Amino acid sequence: MDLKTKSILLSCFGVLLFSTSLLAQNPVIQTHYSPDPAPLVHNGTVYVYTGDDIPGYDFYYMTKWRVHSSNDMVNWTDHGSPIALESFSWARDRAWAAQCIARNGKFYWYICAQTTANNMAIGVAVSDKPTGPFRDALNKPLITTGNWSNIDPTVYIDDDGQAYLYWGNGSLYYVKLNTDMISYSGEIMQVPQTAESFGGVRRARNANGQNGSETAQNKDMYVEGPWFYKHAGKYYLMYAGMGKGGETLSYTMSDKATGPWKYQGRIMADQPANSFTNHGGIIDFKGKSYLFYHTGLLPGGGSYGRSTAIEEFKYNPDGTIPVVKMTKAGVGPVGLLNPYKRTEAETIAWAEKCSIDENKATGVYVSKIRTGGYIKVRSVDFGSNSPRNFSANIAAGLDGGILEVRADSLTGIKLANISVPRTGGWTMWKQLSSAVDTAVTGVHDIYFVFKGQNITAGRELYNFDYWKFEH
Ligand code: FUB
């Protein structure tokens, strides 16, 4: 078959698969757990800052935070874990929900953790780049009042330059941050909770110190996980409320940054999330509005194995937010990926049977690749001239295996084929290449398919750092 005929077949095949395949996109990160998503839009890129649930744990004993980025909402690049409990000399456990914000060319990542004095406190790490390196800006907590309520910081800078930090579990607090973003002025204020402002009031803790739960007269209540922002002149505070079997995402609105608040209802409630908690953030990106939230729906997940998911929504004309349904399909692409630029292998729309590692010399790379695994990258724009060559940076401590590059499905037309030899170690990288002998033009999803070489063993095959097509 000549190149042209193959190319035409490829295009038809692509269209057919594109229209019939399931296009699962949630949860958006499959290589590890990613709870408590906090999105940040900066210079045309979305960053999502998350926690890091640990497989097999029975409580929220997390130890680090992670960051991913995307230009198109479907392909997410893993930037590893720029901060961990060890980054804060005063932190000892529970690396819980956090949010990062940009100001004056710096990035401020507000985190909360259990302190060496055995309570929860809020700290702030600072960096010149959204992906780090970050350092503890104060070498002590920013908010430390000696109680367990100091969790889940959310931060927003108003149009007049005043920054606000809200946080709290059970109780909701705020302070006005100074322009340095690492100190505040005035008192810590506690937000009054009424049925009008949050849909109900949480019962006091019982004699055992446990939180009270929803009472029959409560429509809802503030539990934790605030997300504070402004949209079209109105202030919004989304928060985890209480539903039938777990947390909701509920919200309240105000004309002022500090309230009074008027309860608006539930955005996401009583859906099959497989997680007791929910925690989210809302952004606008490339003209669309998105809700980030978490579920326990990644295989092996649950209440202590939670993952970021995203849905698109449209504000109602009066500024209220509609009910948003959790889906597996998630959101569609709002950009194209250029395959002629070096792309990190950890830029992933969907992946199976592989993981992520990082080290100082290489940075972040795809690891623990096993037979039957793959990485899918969506909306790759080959343009009108087909590439002639594909290259990839790969390392293998043992006989590597095969890396196939296929278009539009796991069994789609093969664009490139690389036999991976031993390279001398698992981080001894080698640039390997393959001719592209099937012409490919236009926009396609591509699949990096991992196969063993003459083996059926399930061991790790090779590590994968980055790839590129060339004309
Ligand atoms: O991830 C630990 C805690 O669970 C967060 O801080 C809360 O918002 C809830 O998601």
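**Contacts, ligand and backbone**

Tutor: Leaving out residues up to four places away in sequence, leucine 177 touches Tyr110, Leu142, Val155, Gln162, Ala163, Tyr164, Leu165, Ser183 and Tyr184; contact means heavy atoms within 4.5 Å. This is a predicted model, in which local features need pLDDT of at least 70, side-chain atom pairs count only at pLDDT 80 or more, and totals for chains, interfaces and linings use all residues. Residues are numbered from 1 along each chain as its sequence is written, and side-chain values use heavy atoms, with hydrogens and water left out.

Student: How many residues does the largest nonpolar core have, and which have the most contacts inside it?

Tutor: In soluble globular proteins, nonpolar side chains tend to be buried together. A nonpolar core is a set of buried Ala, Val, Leu, Ile, Met, Phe, Trp, Tyr and Cys residues joined through side-chain atoms within 4.5 Å. Buried means under 20% relative accessible area, exposed over 50%, and partly exposed in between (1.4 Å probe, protein chains only). Here the largest such core has 43 residues, and Trp65, Trp109, Tyr110, Ile111, Leu165 and Leu177 have the most contacts inside it. At least two residues of this core come from each of several strands, including strand 3 (64–70), strand 7 (106–115) and strand 12 (173–177). Strand 7 supplies the largest share, seven residues. Strands (E, at least two residues) and helices (H or I, at least four) are DSSP runs numbered from the N terminus. Another core, of 36 residues, lies apart from this one, and Val364, Ala407, Leu432 and Phe448 are among its members.

Student: Which residues surround the ligand?

Tutor: A residue is near a molecule if one of its heavy atoms lies within 4 Å of it. The ligand is surrounded by Asp36, Met62, Trp96, Ala97, Asp152, Glu224, Thr277, His279, His294 and Arg306. By class, this shell has three nonpolar, three polar and four charged residues. Ala, Val, Leu, Ile, Met, Phe, Trp, Tyr, Cys and Pro count as nonpolar, Asp, Glu, Lys and Arg as charged, and the others, Gly among them, as polar.

Student: How are the distances to the oxygen atoms of the ligand to be read?

Tutor: A polar contact is a pair of N or O atoms within 3.5 Å; within protein, one must be able to donate a hydrogen and the other to accept it, and residues adjacent in sequence count only if both atoms are side-chain atoms. A side-chain N or O atom of aspartate 36 is 2.5 Å from a ligand oxygen, and one of histidine 279 is 2.8 Å from a ligand oxygen. For alanine 97, a backbone N or O atom lies 3.4 Å from an oxygen atom of the ligand. The protein covers 99% of the 280 Å² of accessible area that the ligand has on its own, by the Shrake-Rupley method with a 1.4 Å probe; for residues, only the protein chains shown count as cover.

Student: Is arginine 94 buried or exposed?

Tutor: Arginine 94 is buried, because its relative accessibility is 15%. This residue lies in strand 6 and has a positive phi near 55 degrees, although it is not a glycine. Alanine 232 also has a positive phi, of about 45 degrees, but is exposed at 73% relative accessible area. Alanine 232 is in the loop between strand 14 (224–231) and strand 15 (234–242).

Student: Where are cis peptide bonds found?

Tutor: One joins asparagine 26 and proline 27, with omega about -5 degrees. Another joins glycine 259 and proline 260, with omega about 5 degrees.
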